[in-house]
Amino acid sequence: MQNTIVKELAARWDGDRMQLWDEVSPALQATWHRAIAPQQTVVGVMTPQTLEELSTMVVQAQDLGCAVVPMGQGSKLGWGGLAHSSRPIVFLRMAPFNRVIDHAVGDLTVTVEAGLTLAELQRSLATAGQFLAIDPSYPNHATIGGIIATGDTGALRHRYNSVRDMVLGVTFVRSDGQLVKAGGRVVKNVAGYDLMKLLTGSYGTLGVITQVTLRVYPIPETVQTVVLSGAPDRIGQAAQTLLNSALTPIALDAISARVSSHLQLGDAIALLVRFQSIRESVQEQSQRCVDLATTLGLAATIVPPETEGDLWRRLGECMTPTDQTDRITCKIGMKSSGAIAQLLQWETQLPGLGARLHLGSGLGQLVLPATIRSTQLLAARSICQAAGGFLTVQEAPIALKQQMDIWGERGAALAMMQAIKQQFDPQRLFSPGRFIGGI
């Protein structure tokens, strides 16, 4: 069967559009294998150049009995469950879809193709004094489609909300090859079903995102970060005070002692408070943050402007290591009221802990050595769940992913999600097994 599929695809598409698996470099094979279960047969990589070719490839993959794993640059292929199917898998690479379609500067919206990297988009928006207010993992390589498919956001969610809130319109290809459009290019749009939110965070299991319209913002005049350090209980008190105050930081992150040490911010848990606005507002809010620290007996450092951006860049790199073979990364959620205490508890229980919590949203990340046992991860998950939160494993060795349910608590929505999968993709064509409950 596999040989038949290989011959069919090789006959239909030239080398620019169809690369058979044995033609893929060993390095890329190792990277892309992070998305699939062991012993799973891979036919090759399809790279469409037009929407017509994309639709045709999806239909042909269906007809030939293949499953399809959509991807951009592959920076997050290791996230989520392992794709598995009784059918051979073909990767669908969206990198050629990388244009800015329309930038409505006055309306603060931009429409782009899904294969465009965030870094390229930010450079384009900056020429008009605007930016997309998300800070996901691997920002230099992550594509807009991949960011939306994984629902990946960061510290900026504290001020600007989630990726779902940025998406105003979406175009995607269904499992039958049909092109579907939802939403529009205006900020207020209430027509039709909210497919934008449905596709966000679906890990490519419902369709192939091809084009997205996003909300953008003016680049503020000034940005400044204040770092608070001292006794953990006082750090927790400062965090709660800031959350309940009239101050408007764009980010409020607690970091574990090991992360703080790596960033040369000391050897204890620290609190990073970031302000962004007009100069007078930033200076006033930063000073009030310093005054709060003084009142609580904490040290406060205003990061120099020339190193402020670099600090957040290094923090992001610390939590999303480039070498993904010897690390486990987890997404966590917990109530901010007990976050600092839980960080302390983890530091005594988990080796090599790197932890970051966005206190406004209650979301965060754990980075652990690949040698950690599944029982230790399950213990960490229990801590989160006991506090009304969660822990899901993003990047981990395949063997560990096979030992445990990486998603954890499924809640009451699994049956609904399975029904949605059945409606959108009844043949389980797209990324089978990568989402919750094996969807």
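The legends below describe close-up views of a predicted model.

**View 1. Helices α13 and α14 pack against each other at an angle of about 165 degrees.** Helix α13 covers residues 339–349 and helix α14 covers residues 374–386, and their axes lie 11 Å apart. Because an angle over 145 degrees counts as roughly antiparallel, α13 is described as roughly antiparallel to α14. The crossing in which α13 passes α14 is right-handed. On the α13 side the contact involves Gln342, Gln345, Trp346 and Gln349, which meet Gln376, Ala380, Ile383 and Cys384 of α14. Sorted by class, this contact of α13 with α14 has 4 nonpolar and 4 polar residues, and no charged ones.

**View 2. Trp21 and Phe91 form a stacked aromatic pair.** The model has 9 aromatic pairs; in this one, the ring centres of Trp21 and Phe91 are 5.9 Å apart and the ring planes stand at 25 degrees. Trp21 belongs to the loop between β1 and α2, whereas Phe91 belongs to strand β4, so the pair ties together parts that are 70 residues apart in sequence. Trp21 is buried, with a relative accessible area of 11%, and Phe91 is also buried, at 0%. Ring pairs link Trp21 and Phe91 with Trp32 into a cluster.

**View 3. Tyr203 and Trp407 form an edge-to-face aromatic pair.** The centres of the two rings are 5.4 Å apart, with 90 degrees between the planes. Tyr203 lies in the loop between α8 and β10 and Trp407 in the loop between α15 and α16, so the pair ties together parts that are 204 residues apart in sequence. Tyr203 is buried at 9% relative accessible area, and Trp407 is buried at 13%.

Notes
Residues numbered from 1 in each chain as written. Predicted model: local features only at pLDDT ≥ 70, side-chain atom pairs only at ≥ 80, totals over all residues. Heavy atoms only, no water. Axes fitted to C-alpha atoms, helices over the stretch in contact; angles between N-to-C directions. Helix = DSSP H or I, 4+ residues; strand = E, 2+ residues; numbered from the N terminus. Parallel < 35°, antiparallel > 145°, perpendicular 65-115°, else oblique. Left-handed = near helix turned anticlockwise from the far one by under 90°. Contact = heavy atoms within 4.5 Å. Nonpolar A, V, L, I, M, F, W, Y, C, P; charged D, E, K, R; others polar. Phe/Tyr/Trp six-rings, centres within 6.5 Å; stacked < 30°, edge-to-face > 60°. Buried < 20%, exposed > 50% of the residue type's maximum accessible area, 1.4 Å probe, protein only.
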